[in-house]
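User: I am new to this structure and would like to learn how to read its features one at a time. Could you give me the general idea behind each feature and then the case at hand?

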Amino acid sequence: MKTSVYSSHYDKLRLWLKARREEQSLSLREVSERWGRHHSILGKIEQARRKIELVEFIELCEIIGADPHVGLSLLITSMNEKSSIHKL
């Protein structure tokens, strides 16, 4: 399977992560400061201009108080749904 920062699966994960950040009323700059990275990196991730690595995802989940298992389950469900459609 060809992967892309623009895949529908990645979009679901990216939007989930952004929604969790916003639920905590945290700005990009606040999260980035806690993360120790420039805010533009997180901005690019949220705008689908940069992929997120697995370790980065877990770090960000910890910072914003989100359960990474929930995000990964969302991703797996999305991938399984698409896979079952292709089998029809």
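Analyst: What follows is a short tour by question and reply. This is a predicted model, in which local features need pLDDT of at least 70 and side-chain atom pairs count only at pLDDT 80 or more, while totals for chains, interfaces and linings use all residues. Residues are numbered from 1 along each chain as its sequence is written, and side-chain values use heavy atoms, with hydrogens and water left out.

User: How should I read a helix, and which residues of helix 1 are buried?

Analyst: Helices are DSSP runs of H or I with at least four residues, numbered from the N terminus. Helix 1 has 16 residues and reaches 22 Å from its first C-alpha to its last, close to the 22 Å expected at 1.5 Å a residue, where the expected span is 1.5 Å times one less than the number of residues. Its buried residues are His 9, Tyr 10, Leu 13, Arg 14, Trp 16, Leu 17 and Arg 21. Seen down the axis of helix 1, these buried residues fall within an arc of 160°, so they line one face of the helix; the arc is that of the directions from the helix axis to the C-beta atoms. Buried means under 20% relative accessible area, exposed over 50%, and partly exposed in between, with a 1.4 Å probe and protein chains only. Just after helix 1, Ser 25 takes a positive phi of about 55°.

User: What does a salt bridge look like, and how many does the structure hold?

Analyst: A salt bridge is a side-chain nitrogen of Lys or Arg within 4 Å of a carboxyl oxygen of Asp or Glu, and the structure holds six of them. One of these joins Arg 20 to Glu 23, with the closest N and O atoms 2.7 Å apart. Both residues lie in helix 1, three residues apart, about one turn of the helix. An α-helix has 3.6 residues a turn, so residues three or four places apart point the same way. Another salt bridge joins Arg 50, which is partly exposed at 27%, to Glu 56, which is buried at 6%, and their closest N and O atoms are 3.0 Å apart. Arg 21, Glu 22 and Glu 46 are linked in a network of salt bridges.

User: How is a pair of aromatic rings read, and which rings pair here?

Analyst: A pair of aromatic rings is described by the distance of the centres and the angle of the planes. Rings of Phe, Tyr and Trp (its six-membered ring) pair if their centres lie within 6.5 Å, and planes under 30 degrees apart count as stacked, over 60 as edge-to-face and the rest as tilted. By this rule the count comes to one aromatic pair. The rings of Trp 16 and Phe 57 have their centres 6.1 Å apart and their planes at 45°, so the pair is tilted. This pair links distant parts of the chain, with Trp 16 in helix 1 and Phe 57 in helix 4, 41 residues apart. Trp 16 is buried at 12% relative accessibility, and Phe 57 is buried at 2%.

User: Is Ile 64 buried or exposed, and which residues is it in contact with?

Analyst: Ile 64, in helix 4 (residues 54-64), is buried, with a relative accessible area of 5%. Contact means heavy atoms within 4.5 Å; leaving aside neighbours within four places in sequence, Ile 64 is in contact with Leu 17, Arg 20, Arg 21, Gln 24, Leu 26 and Val 31.

Conventions
Helix = DSSP H or I, 4+ residues; strand = E, 2+ residues; numbered from the N terminus.
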